[in-house]
Amino acid sequence: KDYVTDRLVARVESLAGAGVCEVGRLSGPLKRAYADENGLDYQELLSDGPYKEKYRADMITWGERKRNEDPGYFARLVVDKCVAPVLVISDARRP
């Protein structure tokens with residue numbers, strides 16, 4: 001996914017100019033919101049260590065519940081921070 005994202009961004013910027021494209025990831029805002037709501041360490045949730053694994057199953061369930069309640073919840077968190085005219089979401093795993 002990162003290879004394809006890099007190629008897409010490079011192509012868009014070769015046509016439209018440098019800085020016109022921004023890469024957004026849904027996983028960061030999801031983990032941030034989960035950490036904030038549950039009083040957890042956001043930085044540790046970004047790691048591949050045991051801390052994240054301890055909360056992984058609950059975080060997945062929580063994320064699915066949020067998406068069922070509001071399908072655009074996490075996308076809006078990414079879009080709201082975007083400053084470039086073109087946004088590429090690199091880690092969308094659900095329709």
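**Figure 1. Lysine 66 and glutamate 37 form a salt bridge.** In this predicted model, the closest N and O atoms of the pair are 3.4 Å apart. A salt bridge here is a side-chain nitrogen of Lys or Arg within 4 Å of a carboxyl oxygen of Asp or Glu. The pair links distant parts of the chain, 29 residues apart. Lysine 66 sits in helix H4 (residues 50-69) and glutamate 37 in helix H2 (residues 27-38). Helices (H or I, at least four residues) and strands (E, at least two) are DSSP runs, numbered from the N terminus. Lysine 66 counts as buried, at 17% relative accessibility. Glutamate 37 counts as partly exposed, at 44%. Buried means under 20% relative accessible area, exposed over 50%, and partly exposed in between (1.4 Å probe, protein chains only). By the salt-bridge rule, the count comes to 7.

Residues are numbered from 1 along each chain as its sequence is written. Local features need pLDDT of at least 70, side-chain atom pairs count only at pLDDT 80 or more, and totals for chains, interfaces and linings use all residues, while side-chain values use heavy atoms, with hydrogens and water left out.

Figure 2. Arginine 67 pairs with glutamate 64, and their closest N and O atoms are 3.3 Å apart. Glutamate 64 is partly exposed, with a relative accessible area of 26%. Glutamate 69 meets arginine 65 in a salt bridge of 4.0 Å, N to O. Glutamate 69 counts as exposed at 57% relative accessibility, whereas arginine 65 counts as partly exposed at 41%.

**Figure 3. Glutamate 64 and glycine 49 are separated in space.** Glutamate 64 is found in helix H4. From C-alpha to C-alpha, glutamate 64 and glycine 49 are 22 Å apart. In sequence, 15 residues separate the pair.

**Figure 4. The largest nonpolar core has 11 residues.** Its members are Leu30, Ala33, Tyr34, Ala35, Leu40, Tyr42, Leu45, Tyr55, Met59, Trp62 and Phe74. H2, helix H3 (42-46) and H4 each supply at least two residues of this core. The largest share, 4 residues, comes from H2. A nonpolar core is a set of buried Ala, Val, Leu, Ile, Met, Phe, Trp, Tyr and Cys residues joined through side-chain atoms within 4.5 Å. In soluble globular proteins, nonpolar side chains tend to be buried together.

**Figure 5. Tyrosine 34 and its contacts are shown close up.** Neighbours within four places in sequence are left aside. Tyrosine 34 is then in contact with Leu40, Leu45, Tyr55, Asp58, Met59 and Trp62. Contact means heavy atoms within 4.5 Å.

Figure 6. A disulfide is a pair of cysteine sulfur atoms within 2.5 Å. The structure holds 0 disulfides. Cysteine 21 is buried, with a relative accessible area of 11%.

**Figure 7. Serine 90 makes a polar contact with arginine 25.** Their side chains are joined at 3.5 Å. A polar contact is a pair of N or O atoms within 3.5 Å; within protein, one must be able to donate a hydrogen and the other to accept it, and residues adjacent in sequence count only if both atoms are side-chain atoms. Serine 90 lies in the segment after strand S2 (86-89). Serine 90 is buried, with a relative accessible area of 8%. Leaving aside neighbours within four places in sequence, serine 90 is in contact with Lys1, Thr5, Val23, Gly24 and Arg25.

**Figure 8. Helix H1 (residues 2-16) is followed by glycine 17.** H1 has 15 residues and reaches 21 Å from its first C-alpha to its last. That is close to the 21 Å expected at 1.5 Å a residue. The expected span is 1.5 Å times one less than the number of residues in the helix. Glycine 17 has a positive phi, near 110 degrees.
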